[in-house]
Every structure is written in structure tokens, then in C-alpha cells.
Amino acid sequence: MFVEGVKLFCFGASYSAALASEAAGGVVPVKLRRILSLAFGAAGLLAHTIYLGHRAVADKICPLTTSYDSLLVLSWILAVTYLSVHWYYPRVTVGIFALPPIVGLVVLAGFLGEEGRRELEGSLRIWGPIHGALLALGAVAVFVGSVAGVMYLVQVRRLKAKHLPSEVLDLPSLELLERINRQGVTVAFLMLTIGFGIGLLLVLQQKQADVEGIRLLDPKVIFGILVWLAFAVLLKVQSQPEFRGRKVAVLTIVGFCLLLFTMVGVDLLLPSWHHAVTGGEKGVGSLLPQSRSAGKARFAKKTPDPFFTAGGAS
Amino acid sequence: MRIVLVGCNHRSAPVAVRERLAFDGPKLDRALVAFAERFPGVEAVLLSTCNRVELYAAGEQPSQVPDLELAAEFLAAFHGVAVFELTPHLYFQADRDAARHLFEVAASLDSLVPGESQILAQVKESYRLAHERRLTGPVTNALFQKAIAVGKLIHTSTEIARKKVSVSSVAVEFACEIFEADQFPQKTVLVIGAGKMGELTLEHLCELRPGRILVTNRTPQKAEEVAAKWKGQAVPFERLDDWLAEADLVLSTTGSPQPLVNRDRFAAVMRRRGNRPVFIVDIAVPRDIAPDVGDLENVYLYNIDDLQRERDKNLKAREREMFKARTIIDRETASFLSELTHQQHAGPVISQLRQEWDARRAAELARLFSQRPNLSAEDRAAIARSLERFQNQIMHQPVSALRSAAENGSHHHGLLDALKRLFHIS
């Protein structure tokens, strides 16, 4: 009963309260602020864990099959990362950089709403979740790199203004932030390469089996390739002296936005089959009314396809 | 009971007087022995640092503990100085004020640079020496143990020690904002010039244990001298750009009338160094590095004004922290004195009461066990434990009331008398 009562609002509000505590620097005493943000963050994470666990157990489906689930899993991993850093390095101001994207992802999930989920079949059953998990891990790595990038830019600004850290804003050294940023991009590139590689193989397999589904010219596939190329370029330029420091930090943040758009935005704004494969009720391009109906109609015709026979698609 | 303090510090006495009163090395040991001979039965601890000499004396009998005159005579005689020369520079404090002063000293509130951590170690060392010489007793043990605890408490619960208040230490703080602390052994420091201020800053930078120190100067001999002192390497001034390209931290302190390095020259250096971040401290006046060099990407340039401005901010912040620290010291002084008073007056009474009740309990148990010989060893132990618990519960309330009265400073003696009369304690 209690578990069913835990809603998206519970952890969204807790994370928002943690963010408000972090943002109250200079007003609330430092120690109280740290305790409040840690307490609200931990409460949010607990509710978040219960919510995801209940969903996974109740539906017996991998929680990475829809955009809604992917956003919640992604925000959960980010919340764990934030709380770990907050716990082990209490002096470091990390909340005001890490919590806004976490709250943003939860709000975006709430905006998308719960979608119908379909159990994947065939090779998708095994490789689909691996593909999703690798992309989620890649997104986490980019997120960590991006947060380090934002912190780097703030730290550069402060050092150029010749100010020492204050109680309100205490950041790690530039050297450490640059290293985290660089490692975040490297790990992300590795994860994205394998994740997108698996995705491409699945697309080719579908085509070879002459099964209706995602094709190479699907917006999701095109954006996936673009993101992979963007990260390959980013990996290359971060070793170039002229790009060192601020430029790489800015490019990582842009990379994170591009990846997030590919993971979620493409399903919402463009007519992609990817969303339909995972069972989303809103169908393709769910924010485009004409696309939605067209997608649904097209989808309805394909129901004999072995991929989509598990119901709920038409 | 009485606690007294006689001493001088950087505010009350010039360095010439402090030097004559200092107990350095074996002198401290001899002074403790001499004090024990001169004032037998009196507890004492001597604290001697470069900024203060303080004698703490305490005893159960106030009449035994030396006053200002006697203590000044002792110090003067030991150092072979006329008393009238010393007396104007000495301060004397007793009981609450003396305890409070020691707590402030241990917490580094009374130091030349408030918040420095060395003084706490010096207080510990002075106490250890006096303890080894058997000059401490119940009062000084309690006093110094509390002082050490208060010193630690202030360091952990306030920000007083975090704020750096010298230009050189502010420079080090900036360096730590740019480079990772554990990466300094891989860093190179370049010192341009051989000024005194530069050496002071280099001394602080050396605390970060940089891997390499390069020293360059127009006069090679001076560079050699500084390099030898700091285990660095003297390098030719003519190849300054090469060294700038290698260095991660640059400390410039020459007496050059015009800038040594302008923006274009440093931009070329940055290209050579692959745009690696560089931290430059230019404490020369006039400046050695053109100010617009700081506008270059990955160049962090600070001059003497920048460092002084941050130092002043830290000083203000530290003053705010000192207010917090003093509030803690007020609280801890009151708690220490009430605890000490409680131990002094109530301790023997409570101990006597406990001994008497223990004896009665043992007698009662012996009578019971002789009347019930069939009781098993297990039952006997259970009954003994139960009676002991009962006794502790009965005693808890009067002991707590005594402690509370001692803390509030009211009716303490009345309660103590009542306890003595009620339980027939002599």
C-alpha cells in the first residue's frame, strides 16, 4: 500500500527541496544547509528507488524500455552520484550544479507521463536493455563531465576575478575539474560507441530479416550517429592545446544536451519508429499531432510483425 | 582551590623582554625543578613560546599558591633579571580569568596570528613536560586537559583556522584552487628575482612540495644562493622564456623598473607550453608581468594588491569567527569551573557515601546468603547485581542534584551539608 502511494511528485519535490536548501547559501548557516540538502536528497532517492523498484517488479519489464523510464533511471543514477559526492566531499558545492538537471529530468518524465510498455521479443529482449543501459551509462558519464565543466567555468570566472572560495561556493581545483571532464567524455564515448553499435546491429538485423521496424534513416538512428560523431570530435579536440580548458567544458555541456535530445527529444518531436518498438502508447513524434496519428495508423498496419505482436500497439 | 597565571606575551612585553624570560630547551626543565623546590606541593605548568612566557600555578590551598609578587620574584631570580624590570610587562590572572585565558591561548585566539595551529601543540608539550616532572595535580590536570579539548573544539567547530591571513598563504590558497594538492610533486616552480618577500612566499609554496624549483636572476650569484637555500636549480636569466614555458607556478619579485614580460611575449610562451594552466604571483613593485597577461586563457595572474585584498577579507571573516569562538570559551569556562568545584567539594563526600553503601550492601548480601545456603551461584550473582543496580539508582538522584547545583553555583554547600547530615558522613 505504502509502496503504491509513492509517486513521481514525492521524489521530484524532495529533490527540489534539496536544491532550495543548496541555493539558500548565505541565508541558512552552512552546516544546516548541508544537513538539509543531504536529508532531502536522501529522502528523494529513497522514494525514487521505491518507485522504480515497484514499477520493475509489478510489470516485470526492464525499466529502460520507454523514454519515461529511461529519464527516471537516468535521474536515479545521477541522484546516487550527487549524494555520494555530497557525502564524501561535504565542503564541495555540488548541489547547485547537479540538482537542476536531476529535477529537470524528473519534471520532463512527469511531462511525458507514463506510457504503455511492451515486453521485447527475440534478440531485442537481450540486446535492447543492454543497448539502453549503455546509453544511460554514457549519459551519466557525460552528465558528470558536464557538471564538472560548469563548475570549471564558474571556478575560472572566480579565479579571473581574483576571489578565493567562500562558504557559499567552494569548488574543487581547476586541474581536478578538467580531469573529471576529460574522463567523463572518454567513458561516455566508450559507452556510446558500444551502445550505438549494438543499436545499429539490431537495425541491420531487422532489415536483414525483412521485418518492419527502425531503419537506418530513422531520425533516432541519424541523431545517434551525429551524437557519436560529436563525441568522437570532442574526444579529439580535448587533447588539442587551443581547445584546452573552457572550450572543452562548453563543448561537453553542448554534447550532453545533444545526447539528451537524442534520447528523449527525437521521440517527442520527430517521426521515429524507436519509440514504437519499445511500446510507447503515444507512438511516433508524440508532440506532433499529425505525426502521432500517422504513426499510429502506420503502426496499426504492421501488427502482424513479430516484434509488435505482444499487444497494446494499435 | 586557586589557579593563578603570571606571564607576558607579544602585546604586554617587547621581544627584548620576552627573550630574557624565555625557557628554551633545558632551561624549562631546570625551571620546573626550581619551582618545585621553591613552592613544594604547588602544581605548575610553564608555557614558553616565541610570543609568550606563562606560568600556571594551582593548589588545593590558596595560601600556598604564589601571587604576582612571588611568581615575579621566582621568574626574575631564575633568569637573573631585576624584578622591577619585569613587573611592568607581566600580567596576573586568577581562577576563572586564568582558566579562560589558557583556553583562549590553546584555541589560538591570543596568538599573534589567530587561528594558527602550532600553539595547541605547544600547550600539549608544556603540559606533558610538567606532568613528567610530577608538577601537575588534580587541578592542573583538569585545567590543561580541558584547555586541549577546547582548543580542538574551536578548531573543528569554527572556521578560524581556515582563513589564511598572510599574503604568502593567500598565494598558496590560490595555487590550490588551480592545481590538485596531490599533483604538486609533478609541478615546477619558477622564481624570478631574489627579493625577501619572494623568499617568504616561496617558503609557503614549498609547503606544497613542488617537484622542481628553478631560480633565475639577472645576477647569477644571487640565483645560486636562493637555489641552494631551497634545494632548487639556478638557471640563466637570458633563457627566461624557456623556463616560463616549463613552469606551472611563477613567482616574480625583481626590482625591474618596467615589466619583464608583456602580453605578446607571454602569448608565445603559452603556445610553447601547450596552453597548460599557469599560476603567476607577481609581488614586485613596479610589476614584473604586464597586467593584461592575466587576460590570456589559462593564465592566472595575481599581484600584491590582489593578494592583500583577499587577505583583508580573510581577516574580517576570522574576526567574526573569533566572536563565535569566544562564546564557546565562555560556556566551556563556566562548565570547567563548576565541574572542578563539584569534584573538589562533592567528590570526597560522594566517594565516602559510595564506600559506606558498598560495605552495607556486602554485609546484607553475606547475611542473606548465610540464611539461604541452598541458593545457587547463579542466583547469588543475580541478587548481587540487582542490589547493586538498586544502590546506583538510589545514589543517582542526589549526585545529579549536587552536580546541577554546582553548575548553577547555587545552594551547592547547603546540599552537601544536608547529604553529610542525612547519611552521617564526616
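Which residue in β6(B) does B:L190 stand opposite? In this predicted model, the residue that stands opposite B:L190 in β6(B) is B:L214. The two strands concerned, β5 (residues 188-192) and β6 (residues 212-216) of chain B, run parallel and are joined by five bridges. Strand β5(B) is mostly covered, since five of its five residues are buried. The covering extends to both faces of β5(B), with B:T188, B:L190 and B:I192 buried on one side and B:V189 and B:V191 buried on the other.

Chain B, by contrast, holds 15 helices and ten strands. Of the 314 residues in chain A, 49% are buried, and buried residues likewise make up 49% of the 426 residues in chain B. When contacts with a separation of 6 or more are considered, residues 24 or more positions apart account for 74% of them in chain A and for 72% of them in chain B.

A sheet in chain B was then examined. Strands of a sheet pair through backbone hydrogen bonds, either parallel or antiparallel. Four strands of chain B form an open sheet in the order β2-β3-β1-β4, and the pairing is antiparallel. Strands β2 (43-48) and β4 (91-94) of chain B stand at the edges, where each has a single partner strand, and therefore one side of each is left without a neighbour in the sheet. From one strand to the next, the twist averages 15°. Within this sheet, strand β1 (residues 2-9) of chain B is joined by eight bridges to strand β3 (residues 52-59) of chain B, and these two strands run antiparallel. One of the residues involved is B:G7, whose bridge partner in β3(B) is B:E54. Helices also pack on the sheet: helix α3 (residues 68-79) of chain B touches β1, β3 and β4 of chain B, and its direction makes about 50° with that of β1(B). Helix α6(B) packs on the sheet as well, touching β2 and β3 of chain B, with a direction that makes about 140° with that of β2(B).

Aromatic side chains were considered next. A pair of aromatic rings is described by the distance of the centres and the angle of the planes. The structure holds 16 aromatic pairs over all chains. In one of these pairs, the rings of A:F11 and A:Y51 have their centres 5.5 Å apart and their planes at 55°, and the pair is therefore tilted. Because A:F11 lies in helix α2 (residues 8-23) of chain A and A:Y51 in helix α3 (residues 30-59) of chain A, the pair ties together parts that are 40 residues apart in sequence. Both A:F11 and A:Y51 are buried. In another pair, formed by B:Y127 and B:F144, the ring centres are 5.7 Å apart and the planes stand at 5°, so this pair is stacked. Here B:Y127 belongs to helix α6 (residues 118-132) of chain B and B:F144 to helix α7 (residues 138-157) of chain B, so the pair ties together parts that are 17 residues apart in sequence. B:Y127 is buried, with a relative accessible area of 10%, and B:F144 also counts as buried, at 0% relative accessibility. Elsewhere in chain B, residues B:F23, B:F35, B:F39, B:F74 and B:F78 form one aromatic cluster.

Rings of chain B also meet lysines of chain A. A:K160 lies over the face of B:Y300, at 5.1 Å from the ring centre, while A:K162 lies over the face of B:Y302, at 5.9 Å from the ring centre.

A disulfide is a covalent bond between the sulfur atoms of two cysteines. A search of the whole structure finds zero disulfides over all chains. Among the cysteines, A:C10 counts as partly exposed at 31% relative accessibility, and A:C257 is partly exposed with a relative accessible area of 47%. The proline A:P219 lies in helix α8 (residues 219-237) of chain A. With a relative accessible area of 17%, A:P219 falls under the 20% limit and is therefore buried. Although A:P219 and A:L269 are 50 residues apart in sequence, they are 9.9 Å apart in space, C-alpha to C-alpha.

Methods:
Residues numbered from 1 in each chain as written. Chains lettered and ligands numbered in written order. Predicted model: local features only at pLDDT ≥ 70, side-chain atom pairs only at ≥ 80, totals over all residues. Heavy atoms only, no water. Phe/Tyr/Trp six-rings, centres within 6.5 Å; stacked < 30°, edge-to-face > 60°. Buried < 20%, exposed > 50% of the residue type's maximum accessible area, 1.4 Å probe, protein only. Lys NZ or Arg CZ within 6 Å of the ring centre and 35° of its normal. Disulfide = S-S within 2.5 Å. Pairing = 2+ DSSP bridges. Axes fitted to C-alpha atoms, helices over the stretch in contact; angles between N-to-C directions. Contact = heavy atoms within 4.5 Å.
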